[in-house]
Amino acid sequence: MAAARCSTTFIVFILSYAFCVISAGATTLRSSSDSDSKVSVELYYESLCPYSADFIVDYLAKVFGEEDLVGIIDLKLFPWGNAKFRANSTVFDCQHGPSECLLNTIEACAIAVWHDVEKHFSFIYCIETLVHEHRYPQWETCFQLLQLDPKPIRDCYSSGYGKELELKYAAETSALEPPHEYVPWVVVDGQPLYEDYENFLSYVCKAYKRGTVPKACSELSHIRTARDNPENFHHVCYSEKPAKATLWTKIQSALSSCGLSKMVNVAVA
């Protein structure tokens with residue numbers, strides 16, 4: 001009789017385990033299917049680049065004001081930007097100094113701690129609003145404003161996990177093809193938008209072909225390229241500042257076009 005009870009218990013255990021596996025699989029498939037039906041939007045940025053802050057506050061936030069737009073976008077944020085590693089080291093420097101490294105890491109922790117995109121975006125939006133207003137040293141007030149528990153973020157940062165997240169974002173940013181040239185660097189459906197990043201919603205609407213197009217899409221203007229809007233050029237923080245040709249370089253270039261550069265080089269030598 002004891003053996004029968006053991007056998008029954010074992011069968012129940014197996015059935016329960018199978019149910020959990022099947023349920024988990026169904027959840028994974030459903031989640032994957034939901035993600036596959038959306039348009040991928042990736043933002044590679046750094047927290048103290050004013051143009052990154054402007055884009056997050058004035059453009060990207062519009063997505064969350066339109067329920068039908070939120071439903072078609074798979075948004076991913078990569079807070080690394082133009083940070084650089086020191087030679088033979090995992091120590092890195094950020095383009096706008098140590099405060100940017102701090103806030104990049106804090107925002108990376110927010111993404112990791114609060115998986116829900118609306119929750120971590122609201123926190124990042126709060127910080128970037130302060131950047132926008134030149135008040136970013138007050139970033140910790142965002143916890144109180146949004147009624148969020150600061151402990152998980154502080155633990156993430158102080159434990160070193162935040163740095164691990166930043167190293168991951170560094171690798172993902174470095175793997176971009178084509179490589180990013182500046183921030184904000186926006187990629188929609190696998191295609192970088194270059195200087196036309198402010199027009200990202202038009203690209204999202206054009207790429208969405210999996211269901212009824214959101215009403216908000218019909219209100220958007222046609223896709224414009226950066227070449228159509230030259231006044232929008234260079235609203236970015238460059239990874240490397242474009243090198244300015246020296247006077248001597250310009251002279252050499254001019255002489256080379258006339259076939260005289262060798263004569264000048266001999267004379268200089």
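Reply: Buried here means under 20% relative accessible area, exposed means over 50%, and partly exposed lies in between, with a 1.4 Å probe and protein chains only. Helices are DSSP runs of H or I with at least four residues, strands are runs of E with at least two, and both are numbered from the N terminus. The model is predicted, so local features need pLDDT of at least 70 and side-chain atom pairs count only at pLDDT 80 or more, while totals for chains, interfaces and linings use all residues. Residues are numbered from 1 along each chain as its sequence is written, and side-chain values use heavy atoms, with hydrogens and water left out.

The helix in question is α9, residues 200-207, where 6 of the 8 residues are buried. These are Phe200, Leu201, Ser202, Val204, Cys205 and Ala207. Contact means heavy atoms within 4.5 Å.

The loop between β7 (191-192) and α9 holds Tyr194. Tyr194 is not a glycine, yet its phi is positive, about 55°. Its relative accessibility is 33%, so Tyr194 counts as partly exposed.

One joins Val183 and Pro184, with omega about 0°, and Pro184 sits in the loop between β5 and β6. The other runs from Glu177 to Pro178, with omega near 0°; Pro178 is in the loop between α8 and β5 (182-183).

On the α4 side the contact residues are Asn104, Thr105, Ala108, Cys109, Ile111 and Ala112, and on the α8 side they are Tyr161, Gly162, Lys163, Leu165, Glu166 and Tyr169. By class, this contact has 7 nonpolar, 3 polar and 2 charged residues. Ala, Val, Leu, Ile, Met, Phe, Trp, Tyr, Cys and Pro count as nonpolar, Asp, Glu, Lys and Arg as charged, and the others, Gly among them, as polar.

Cys109 is also 9.2 Å from Asp155, C-alpha to C-alpha, although 46 residues separate them in sequence. Asp155 belongs to helix α7 (residues 151-158), and at 35% relative accessibility Asp155 counts as partly exposed. In the loop between α6 (141-146) and α7 lies Gln147, a non-glycine residue with a positive phi of about 55°. Gln147 has 74% relative accessibility and so counts as exposed.

For the chain as a whole, there are 12 helices and 8 strands. Of the 269 residues, 37% are buried. Among contacts between residues at least 6 apart in sequence, 69% join residues at least 24 apart.
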